[in-house]
Amino acid sequence: MDLIINLTLNGLATGMLIFLLAAGLTLIFGLMDVLNFAHGGLFAWGAYSGLWIYSQTGSFIIGIICAILTGFLLGIITEKWIIKPVYGNHVQQILITLGLMLVLSEMLKVIWGPNQITASPPDYLKGSWELGGVIIIKYRVFIILVGFLIFTGVQFLLKKTKIGLVVRAGVMNKEMVQALGINIQRVFMFVFMIGAGMAALGGVLLGPYSGVIHAGMGMEFAILAFIVVVIGGMGNFKGSVLAAILVGLSGSFMAYYVPDLSLAVNMLLMAIVLIIRPQGLFGAKG
């Protein structure tokens, strides 16, 4: 039971980190119909910038805030100067954002060097609790709570606020929203900022969880994020969190029980889902 609980917590924590990256992709695709392959670069930049600020100030909270702000800034730059000229063209979006992904990764090496950087949680998140003989690692619980808080917050934003109403209306009919006098471009910018900020938050949380960060981490997690988006259903926000949890749990248990399949399990999971439901588990039928 101790093993199962710890594998479950590990899977949930990993799933929440993937969700923070995948949810941004889901929002951006759902509203803007944009395939952003550079999203993993924002994830990596959040990790590096946030943990650098953390190392300089000694405050993990300040590091998290700076990581999110970095994501916002890069999101604005990416949407305005990279994505905007290729709206409506998926092939050009894929090519230009893949190029941006490579540029972002190389810039990390230029600024912080090519070597891995170690990271550890702040003192108040180190260690574990023992409940009924079960060891529960504090930082994993922290990541799970942050992930669910972000999910709840974005759900509230989309369902209960005016901006959320505009966003949902924009998904259904961009032209009608524009005709009503609402600047849909600002709505796009807002959504891109939120998505980029979530990716950067996931990056800075990953550092102390994995113990190290490196310039190639963005590409690695971007692949997992796209798998989650496909499994959950393109553009489905609730689907992204459930799919991320499924991917995290399957990876955690496979890594322990069948290590040889741990790298392939997510691809196999995606293939099975697409065979059964080509639109994804929670996607609408075309």
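By the grid rule used here, the count comes to 2 cavities of 30 Å³ or more; on a 1 Å grid over the protein atoms alone, a cavity is a set of points where a 1.4 Å probe fits but cannot get out, and lining residues have an atom within 4 Å of a point. Grid points are joined across faces, edges and corners, and a volume is the space filled by probe spheres set on the points. The model is a predicted one, in which local features need pLDDT of at least 70 and side-chain atom pairs count only at pLDDT 80 or more, while totals for chains, interfaces and linings use all residues. Residues are numbered from 1 along each chain as its sequence is written, and side-chain values use heavy atoms, with hydrogens and water left out.

The largest cavity holds about 50 Å³ of space, and its lining consists of Leu27, Val154, Leu157, Leu158, Val167, Phe190, Val191 and Ile194. Helices α5 and α8 (184-210) each supply at least two residues of this lining, where helices (H or I, at least four residues) and strands (E, at least two) are DSSP runs, numbered from the N terminus. By class, the lining of the largest cavity divides into 8 nonpolar, no polar and no charged residues; Ala, Val, Leu, Ile, Met, Phe, Trp, Tyr, Cys and Pro count as nonpolar, Asp, Glu, Lys and Arg as charged, and the others, Gly among them, as polar.

The second largest cavity has a volume of about 40 Å³ and is lined by Leu25, Phe29, Val34, Leu35, Asn36, Phe226, Val229 and Met234. The elements that contribute two or more residues to the lining of this second cavity are α1 (2-32) and α9 (217-232), and its classes are 7 nonpolar, 1 polar and no charged residues.

Open space is described by pockets, a pocket being an open set with protein on both sides within 12 Å along at least five of seven lines. The largest pocket has a volume of about 610 Å³, and of the 25 residues that line it, Thr14, Phe221, Leu224, Leu263 and Asn266 lie nearest its centre. Two or more lining residues come from each of α1, α8, β4 (212-213), α9, α10 (237-257) and α11 (265-276), with the largest share, 6 residues, coming from α9. The lining of the largest pocket comprises 15 nonpolar, 9 polar and 1 charged residues.

Helix α5, which contributes to the largest cavity, can be checked for its length. Its 23 residues (138-160) should span 33 Å at 1.5 Å a residue, and this agrees with the 32 Å between its end C-alpha atoms; the expected span of a helix is 1.5 Å times one less than its number of residues. Among the buried residues of α5 are Tyr139, Arg140, Ile143, Val146, Phe151, Val154 and Leu158, where buried means under 20% relative accessible area, exposed over 50%, and partly exposed in between (1.4 Å probe, protein chains only).

An unreviewed UniProt entry places the feature "transmembrane region" at several spans, including residues 60-82 and 132-158; UniProt positions are given in the numbering used here, feature names are shortened, and annotations may be inferred rather than shown by experiment. In the model, residues 60-82 are 100% helix and 0% strand, with end C-alpha atoms 31 Å apart, whereas residues 132-158 are 78% helix and 15% strand, with end C-alpha atoms 40 Å apart.

The structure also holds 14 aromatic pairs, in which rings of Phe, Tyr and Trp (its six-membered ring) have centres within 6.5 Å; planes under 30 degrees apart count as stacked, over 60 as edge-to-face and the rest as tilted. The rings of Phe19 and Phe151 have their centres 6.0 Å apart and their planes at 70°, so this pair is edge-to-face. Because Phe19 lies in helix α1 and Phe151 in helix α5, the pair ties together parts that are 132 residues apart in sequence, and both residues are buried. Trp45 and Trp112 also form an edge-to-face pair, since their ring centres are 5.7 Å apart and their planes at 70°. This pair links helix α2 (residues 39-57), which holds Trp45, with helix α4 (residues 90-112), which holds Trp112, 67 residues apart. Trp45 is buried at 11% relative accessible area, whereas Trp112, at 22%, counts as partly exposed.
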